[in-house]
Amino acid sequence: MKLPYYKRRYAIMALVSLLLLAVPFIKINGNHIFLLSFDHKKLNLLGVAFDAQELYPLPFLLIFLFLFVFAVTTLGGRVWCGWACPQTIFRVVYRDLIEGKILGLHRRANRQKQIDYSKKINVLKKIAAILIWAVLSIVAAIDFSWYFVPPEDFFVYIQDPSSHKVLIGMISIVAFLIAFVVMRLGETFCGLLCPYVRVQSSMYDRDTIYTIYDEKRGGVIYKDGAKIGKKPLGKDDECIGCEACVAICPTHIDIRKGLQLECINCLECADACSKAMDKMGKPSLINWISARESQGLGKTRYLRFRTIAYGVMLTFIMSALLIIGSSKESMLLNITKSNRPYKVEKVNELFRVSNDYIFLFTNTGDKGNNFYFEVDGLDGVKIATPRKPFWIDSKGSSQEIVVLYTEDNLAKAATDTQLKMNIRAYAVDDENITVTREAIFTFPAESAFK
Ligand code: SF4
Ligand code: SF4
């Protein structure tokens, strides 16, 4: 007998849980793999730090995640729900591990049996389960908070809770929601409240693999939605009516009725049927299979228009994210020209034309630097102020009043001329930190010099 699905599922769930706990601690070049810090107004993605003004990778990331889940659904049905969704993992930990395995309140093979609360010991066990899960809900909420408040800050903040009431409040709310959804709503959440369930069926096609009862072999159990009986009526029908598949189902459905909204693709019913049919030397009547293969219409086509289209889109977005990350500017510069287009004055018998600007410099790097700038692409334009480089702390900004001037005759025209130039700002002590922006120098009409 092959390794049961539930063992493979538990292994994947353990891996996902470890990953979710570990990610907030993993850093590349001093930056997190993922961090959306409202506190420091920054985004860390794959080890690259983005400032609050540079959140453009975020929509790409969200689109990537949505498309990834859609692609996985098209290929493997609600495999995300049954195998990796935190809600399902929480339910497995709470119901199967704590209530079932540790406290012995029920058996995994029969999830439909209610706990007998007439026995005092069961009441005490239930209270113990609630307390254990309450603690684990707080742990899960804290782990969730680390994606927004990194662990290195969190452990400092938590030593002074009275100054961080918002953080404590958010963790308490998230912990309460986790505890309520897991202990009170259970799988009802997956079938009725989760928004993903509303759209997932539109992603299925004939080649999507999902949990299917083989009606041809097993026999008809439901006719026009009504149950005929535990067992099918035909003498060659293989389903023995043991209902092990129904008893084990965490969402309390009978897969022999066909695809249902509540089915989370956990394949526990397939394991149960494998066990039952194994005793008769027959293969399971419930399989993770496509409708095409189940109906004997040929092999499942994994490479088809939808899956290829998802693959192309995911590759495109991932490439865009990598390009954004690698071409990220290590400083920011915003240039605003003042309302007065120019000033003309006579200095040492020469006409001097000056333009005023406000330059906003932001140092997005991890250390402070001295910054300055130069004018490129327009000969004759010089810097009047500021005269010297200026210091900006890491993550700090500096607003500089900038005056550029020329004593050359840059244009001979009857009207004012807008001349393009480049401003190259840079860190004086680090040649890798530089950014270039286009700006306009307004040169007056000839009449201004008379
Ligand atoms: S029908 Fe089977 S696969 Fe679907 S939720 Fe129930 S046990 Fe899991
Ligand atoms: S476990 Fe298999 S044999 Fe038993 S009732 Fe379900 S489908 Fe029929």
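Me: By class, how many nonpolar, polar and charged residues does the shell around ligand 1 have?

Reply: This is a predicted model. The shell around ligand 1 includes Cys 249, Cys 263, Cys 266 and Cys 269, along with Pro 250 and Leu 267. Thr 211, Thr 251 and Asn 265 are also among its residues. By class, the count is nine nonpolar, three polar and no charged residues.

Me: How do the residues of the shell around ligand 2 divide into nonpolar, polar and charged?

Reply: Cys 239, Cys 242, Cys 245 and Cys 273 are among the residues that surround ligand 2, as are Tyr 213, Ile 240 and Ile 286. The division is seven nonpolar, one polar and two charged.

Me: Is Ile 127 buried, partly exposed or exposed?

Reply: Ile 127 sits in helix 5 (residues 120-145). With Tyr 117, Ile 121, Val 123, Leu 124 and Leu 131, Ile 127 makes a nonpolar surface patch of about 560 Å². Because its relative accessibility is 45%, Ile 127 counts as partly exposed.

Me: How far apart in space are Leu 297 and Glu 152, C-alpha to C-alpha?

Reply: Leu 297 lies in the loop between helix 13 (291-294) and helix 14 (305-326). Its relative accessible area is 45%, so Leu 297 is partly exposed. Leu 297 and Glu 152 are 145 residues apart in sequence, and their C-alpha to C-alpha separation in space is 56 Å.

Me: How many salt bridges does a search of the whole structure find?

Reply: One of them joins the side chains of Arg 111 and Asp 96, at 2.9 Å from N to O. Arg 111 is in the loop between helix 4 (86-102) and helix 5, while Asp 96 is in helix 4, 15 residues apart. Both residues also belong to a salt-bridge network with Arg 9, Arg 91, Arg 95, Arg 108, Glu 187 and Glu 268. For the whole structure, the search finds 24.

Me: Are Arg 292 and Asp 207 buried or exposed?

Reply: Arg 292 forms a salt bridge with Asp 207, with the closest N and O atoms 2.7 Å apart. Arg 292 is in helix 13 and Asp 207 in the loop between helix 9 (195-200) and strand 6 (209-213), so the bridge ties together parts 85 residues apart in sequence. The cut-off for buried is under 20% relative accessible area. Both Arg 292 and Asp 207 are buried.

Me: What relative accessibility does Arg 340 have?

Reply: Arg 340 forms a salt bridge with Asp 356, the closest N and O atoms being 2.6 Å apart. Asp 356 lies in strand 12 and Arg 340 in the loop between strand 10 and strand 11 (343-347), so the pair ties together parts 16 residues apart in sequence. Asp 356 is buried, at 17% relative accessible area. Arg 340 counts as partly exposed because its relative accessibility is 40%.

Key:
Residues are numbered from 1 along each chain as its sequence is written. Chains are lettered from A and ligands numbered from 1 in the order in which they are written. This is a predicted model: local features need pLDDT of at least 70, side-chain atom pairs count only at pLDDT 80 or more; totals for chains, interfaces and linings use all residues. Side-chain values use heavy atoms; hydrogens and water are left out. A residue is near a molecule or strand if one of its heavy atoms lies within 4 Å of it. Ala, Val, Leu, Ile, Met, Phe, Trp, Tyr, Cys and Pro count as nonpolar, Asp, Glu, Lys and Arg as charged, and the others, Gly among them, as polar. Patches are made of residues with over 30% relative accessible area and no salt bridge: like charges are joined within 9 Å, nonpolar side chains (Val, Leu, Ile, Met, Phe, Trp, Tyr) within 5 Å. Accessible areas come from the Shrake-Rupley method with a 1.4 Å probe; for residues, only the protein chains shown count as cover. A salt bridge is a side-chain nitrogen of Lys or Arg within 4 Å of a carboxyl oxygen of Asp or Glu. Helices (H or I, at least four residues) and strands (E, at least two) are DSSP runs, numbered from the N terminus. Buried means under 20% relative accessible area, exposed over 50%, partly exposed in between (1.4 Å probe, protein chains only).
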